[in-house]
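Biologist: I am new to this structure. Please show me how to read its features.

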Amino acid sequence: MSILHPPEALSSLPETWAILAVGFVVDGFVLHTALRNTRWRARKENMTAKQWLLAFRDPFTVAVVFEDSAAVAGVAIAALGIGLTQVRTPTPE
């Protein structure tokens with residue numbers, strides 16, 4: 001029941017934001033590196049990065065790109081959810 005009616009003193013610790021930031025930086029760096037590698041390999045075969053990924057030329061790189069895309073999206077969704085808990089909605093009087 002606390003999901004529908006959270007306690008009044010709901011707060012977010014700075015550690016929460018720090019952990020999200022570290023996760024975003026690490027996953028973002030790995031995703032950036034994998035995408036750069038993908039673009040380089042696709043250029044060598046005269047393909048776009050999207051065509052190269054969908055052709056599954058290198059399953060390991062494809063897995064890293066998709067996994068880290070999901071990880072970065074997950075961190076963004078978590079940050080959005082935590083941020084929304086900090087927004088106070090006006091209560092009717």
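**Reading the helices and their contacts**

Modeller: Helices H1 and H3 are roughly antiparallel to each other, a label for angles over 145 degrees. This is a predicted model, where local features need pLDDT of at least 70, side-chain atom pairs count only at pLDDT 80 or more, and totals for chains, interfaces and linings use all residues. Residues are numbered from 1 along each chain as its sequence is written, and side-chain values use heavy atoms, with hydrogens and water left out.

Biologist: Within how many Å do the axes of H1 and H3 come, and at what angle do they cross?

Modeller: Axes are lines fitted to C-alpha atoms, for helices over the stretch in contact, with angles from 0 to 180 degrees between N-to-C directions. Those of H1 and H3 (residues 59-86) come within 9 Å and cross at roughly 150°.

Biologist: How many helices and strands are there in the protein?

Modeller: Helices (H or I, at least four residues) and strands (E, at least two) are DSSP runs, numbered from the N terminus. The protein has three helices and zero strands.

Biologist: How many salt bridges does a search of the whole structure find?

Modeller: Side chains of opposite charge can pair when their charged atoms come close. A salt bridge needs a side-chain nitrogen of Lys or Arg within 4 Å of a carboxyl oxygen of Asp or Glu. The search finds one, between Asp-58 and Arg-41 (2.6 Å, N to O). Asp-58 lies in the loop between helix H2 (49-54) and H3, and Arg-41 in helix H1, 17 residues apart.

Biologist: Is Asp-58 buried or exposed?

Modeller: Buried means under 20% relative accessible area, exposed over 50%, partly exposed in between (1.4 Å probe, protein chains only). Asp-58, at 18%, is therefore buried, whereas Arg-41, at 28%, is partly exposed.

Key:
Angles under 35 degrees count as roughly parallel, over 145 as roughly antiparallel, 65 to 115 as roughly perpendicular and the rest as oblique.
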